[in-house]
Every structure is written in structure tokens, then in C-alpha cells.
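Hi,

Here is the model I promised to pass on.

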Amino acid sequence: MAQYDVDVIVIGGGPGGYPAAIKAAQLGGKVVCIDFDKAGGTCLNWGCIPTKTIIGSVAALDQAKHAADFGLTLGEVGYDFGKVMARKDKVVTTLVSGVEFLLKKNKVRFIGGKGKLLDAHTVEVTAHDGTVEKITTASIILATGSVPAALPIPGLDQGGADSDVFIDNREARKRRGEGKLGGTAIWTSNEAVSATELPKRLAVMGSGAVGTEFAYAYRGLGAEVTLIELMPTILPTIDPEISGELHKLLTKSGIKIMTSTKVVAVDVANRKLKYVSEKDGDGELEFDKLLVAVGRAPYTNGLGLENAGIAMDRRKIIADSFLRTNVPNIYAIGDAAGGGLAHVATREGEVAAENAMGHNVEMDRRAIPACVYTEPEIAVTGLTEKEAREQGYDVKVGKFTFKALGKAMAINENVGMVKIVTDAKYGEILGAHIVGPHATDLIHEVCVSIKLESTIEELMHTIHGHPTLSEAVMEAAQDVKGESVHK
């Protein structure tokens with residue numbers, strides 16, 4: 001690789017890009033990582049971390065409001081919106097500094113700016129200060145993530161995917177004015193985590209993880225929230241039995257949920273939207289802020305991919321199970337290659353880096369967890385019951401509710417359930433679906449079980465600590481065989 005300036009250039013410094021850069025450096029590579037924003041990318045600066053930090057404040061507020069349930073006496077409970085957001089900023093700043101330290105520790109050169117391919121081995125970098133340099137490299141890893149996609153809805157089609165409303169990049173934020181993200185009536189997740197004040201009426205388009213989490217958080221702070229979903233159920237990719245439990249709890253909290261509803265027009269000036277609904281009839285809805293939480297597109301515009309001859313599927317980069325594109329020395333990971341989960345991008349980044357450094361590692365996608373950080377949380381992995389039956393399995397299901405657990409009662413979080421899907425013939429664990437306290441932590445023992453090809457017998461006979469929430473997983477596994485002691 002001596003004929004090149006560096007061994008690996010990673011374009012994108014998010015949860016896929018920076019681990020890829022570090023892994024390549026750990027394997028002995030000379031590495032450059034480029035990001036148009038800050039280290040950590042969208043996930044750390046605008047997505048995963050800020051949203052979960054805000055949700056953490058909302059969950060603590062809710063627990064304080066229920067102090068009497070624990071036999072505790074508190075004074076008046078409230079919150080300071082500015083301090084909630086300041087806490088979020090502090091957490092993000094701390095973690096960004098941590099990523100910068102890790103890159104420096106591993107001798108990765110980080111450049112804040114734009115990277116553009118001139119050919120398969122040359123990247124032109126335009127830094128934030130306007131300086132331009134060309135760097136040659138043996139391998140390239142594309143980890144540029146995604147941006148909110150333009151929607152073909154009158155009132156929202158303001159310039160398409162490159163408009164200020166729907167583009168998620170440094171230039172757009174600069175044009176709007178840093179610190180003024182909350183000024184527009186139309187929000188993406190960027191504006192939702194940067195608000196300067198609580199909107200009285202928040203309408204949320206889309207009830208995937210992003211929309212549902214923001215609906216929960218802003219309702220917890222006192223906003224009037226309407227959650228609008230085109231499909232018949234919220235979280236439409238989740239097992240309906242699991243999402244149905246969350247639907248009931250969100251409704252109980254005061255969120256108005258409109259499923260089977262399509263937004264057909266938005267009047268930004270007067271802050272109204274028109275909708276067509278199979279259940280609620282057609283009508284109008286007034287809002288102070290409209291959070292558009294549907295549709296993201298790979299961020300691949302302007303990267304010069306055509307200069308290297310990289311094959312595309314519309315805006316998505318085509319990559320194989322080794323994360324290789326059709327150009328042998330160029331790899332693509334995460335949202336840029338059609339992904340969608342930060343933790344999957346991290347593993348993809350590690351795999352791509354290993355392959356870029358001469359190894360031959362294939363991405364294993366058998367046990368990927370998907371998480372929703374509402375209260376209660378949702379976490380799933382593997383096949384749903386419906387998917388398993390459609391694939392021809394003889395399905396057996398086990399279920400166990402948290403309300404029967406001593407630990408759940410002790411911490412006053414006893415709503416929800418664990419559902420495990422198995423193949424009756426061999427006892428293969430096909431999937432698990434959890435709604436309840438700490439679901440996003442509990443799901444991983446099932447992920448490990450699937451990864452190791454454990455049978456349901458091995459999971460049900462594994463001794464679990466008592467009293468713990470994880471006993472619900474054990475009991476659900478036992479219920480597959482009709483042997484749950486506490487059901």
C-alpha cells in the first residue's frame with residue numbers, strides 16, 4: 001500500500017464510520033476519517049443520544065410524579081425546558097469529545113469537511129475552513145448515513161431533498177442559522193432535539209421509532225401530541241401484539257393516535273394539515289410544530305460515486321455481505337448502503353475495516369436487535385410470529401407478563417410482556433419481542449441465544465437471578481413448552 005498516502009479513508013464519522021476508522025487503525029492501517037459535521041455523526045449529535053437523553057429526563061419526571069407509589073413525599077414536581085436541553089447538550093458534547101479522543105488515541109486523522117471521490121483511489125477533501133486537499137488511498141469505506149427524504153405532499157415539497165426543510169447537513173443548518181433550528185413550523189428530528197421552547201400542539205407524521213419516541217417525550221413534558229400513521233398500527237414493523245400494548249399506554253398518557261391516516265396537504269403559513277383517515281374520517285388538524293418522522297434517504301449526493309463507477313440502486317449504494325461494492329477496494333456501510341440501525345452500522349464498519357485491511361469477514365445478520373425507547377420500552381429480534389408462519393415454520397409461542405414478577409412490582413414498572421417465537425420441530429429460537437421495563441437491555445440474551453443457535457430448552461433451563469426482570473425471558477421460554485411455573 002506504500003504507493004498511496006494512506007491505507008483507508010472513511011467518509012462519514014458516525015456510528016458506522018468512526019468505529020471503521022478505529023478498527024482499521026487497530027489493524028495497522030494509516031487512516032483518515034472525514035465528516036461534514038462533528039465526530040459521532042447524526043446518531044451522536046442529532047439522533048440516538050440527544051433523543052435518549054431527553055427521554056431520560058422525561059422518564060425521571062414521570063417517576064417523580066409517582067413518588068407516592070413508593071411511599072415517598074416530594075414537593076411540587078416540575079421541569080425547566082432549557083435545563084433539560086442543556087443537559088442533553090452536555091451529554092452530547094461529552095460523548096463527542098470521547099469519540100475525538102478515541103480517534104486521536106488510535107492515530108486516526110479526523111477532518112471536518114466534505115469528501116468527494118475523484119476516482120477509486122483518490123478523495124478530494126474540502127475542509128470547513130475552505131481548504132482543499134487530495135488524498136490517495138488503497139481502500140475507501142463509505143459511511144455517509146442518511147437524510148430526511150422529501151415527501152410528495154403539497155406544502156412539504158419545498159425544494160425536494162435538497163431543501164432546508166428536508167436536508168440534514170451542515171450547510172443547511174448554517175443557512176437557517178445555528179441555534180435557530182426551532183424557528184420553523186416544520187421539524188425534522190434535528191429541530192425536535194434543538195427546540196428552545198415546548199410547542200403547545202405537536203403533530204407527528206410517522207409512528208416508527210423516531211416518531212413514537214418524540215411523541216412520548218413531548219407529551220411527557222406537557223405538549224398536546226397527535227401521532228399520525230399511514231398503516232393500521234403504530235410501529236408497523238413490530239409484532240402487533242407488542243405494539244398494541246404500547247398503543248394503549250401512549251393513548252392513556254394523552255397522546256391522540258390516528259392510524260390508517262394519510263396527510264394529503266400541509267398549510268405551513270397557517271399551521272394546518274389536511275388528512276384522509278379510514279377510521280377518523282377526513283379532516284384538518286392545527287399544529288404549532290409538525291414533526292416529519294417518515295422517510296430517510298441515503299446521503300450519497302455529491303460524493304462523486306460516478307467517478308469511481310460505483311453501482312447504485314437509486315440513492316442507495318449496492319454492497320454485498322462482505323460490505324464490498326462492485327469496485328473491489330471500496331466498501332459501503334450503514335444507511336448509505338440501505339441500512340437503518342446505528343448498532344448494525346457499527347458492526348458493518350468493523351467488518352468493512354477488517355476486509356479493507358486484508359481479512360475476509362462476512363456480515364452476520366441473524367440476530368439484530370431493534371429498540372424503541374419509549375416508557376415502557378420495546379425491543380425485538382428475529383422473526384415475528386406472522387413472519388415465521390409465512391416462512392413455513394411449525395410455530396410455538398411462549399409469553400409471560402411483567403406484572404407477575406417480584407422485581408417489576410418492586411420498581412413499580414409492571415406493564416408489558418415477553419413473547420418468544422420458536423420452531424416446534426427442533427426447538428430453534430426464531431425471535432423474541434418485548435414490551436416492558438428495560439426491554440432494550442433484556443433482548444440481548446435472546447440475541448446471543450440465536451447467535452449461538454441455542455434451543456429453547458437451553459434458554460428455559462438457564463438459571464436466572466431472582467428477583468430480576470430477566471426472569472420474564474426465562475418464564476416465556478418455559479411457556480413455549482407449557483412449563484412456566486409462575487404463569
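Let me start with the second largest pocket: its lining residues divide into 14 nonpolar, 11 polar and 9 charged. A pocket here is an open set of points on a 1 Å grid over the protein atoms alone, where a 1.4 Å probe fits, with protein on both sides within 12 Å along at least five of seven lines; lining residues have an atom within 4 Å of a point.

Before going further, some housekeeping. This is a predicted model, in which local features need pLDDT of at least 70 and side-chain atom pairs count only at pLDDT 80 or more, while totals for chains, interfaces and linings use all residues. Residues are numbered from 1 along each chain as its sequence is written, and side-chain values use heavy atoms, with hydrogens and water left out.

Back to the pocket. About 1,100 Å³ of space lies in it, taken as the space filled by probe spheres set on grid points that are joined across faces, edges and corners. Of the 34 lining residues, D62, H66, Y216, E375 and P376 lie nearest the centre. Helix 3 (48–65) gives the largest share of the lining, 9 residues. Helices and strands are DSSP runs numbered from the N terminus (helices H or I, at least four residues; strands E, at least two).

E375 and P376 turn up again in the backbone: the peptide bond from E375 to P376 is cis, with omega near 0 degrees. P376 sits in the loop between strand 19 (369–372) and strand 20 (377–382). Another cis bond runs from H466 to P467, with omega near -5 degrees. L235, although not a glycine, has a positive phi of about 45 degrees. Most residues other than glycine have a negative phi, and most peptide bonds are trans.

Finally, how do helix 1 and helix 4 pack? Helix 1 (residues 17–26) and helix 4 (residues 81–105) meet at an angle of about 25 degrees, with axes 9 Å apart. Axes are lines fitted to C-alpha atoms over the stretch in contact, and angles run from 0 to 180 degrees between N-to-C directions. That makes helix 1 roughly parallel to helix 4 (angles under 35 degrees count as such). Y18, A21 and I22 in helix 1 meet V99, L102 and L103 in helix 4, contact meaning heavy atoms within 4.5 Å. By class, this contact has 6 nonpolar, no polar and no charged residues.

Best wishes

Definitions and conventions. Parallel < 35°, antiparallel > 145°, perpendicular 65-115°, else oblique. Nonpolar A, V, L, I, M, F, W, Y, C, P; charged D, E, K, R; others polar.
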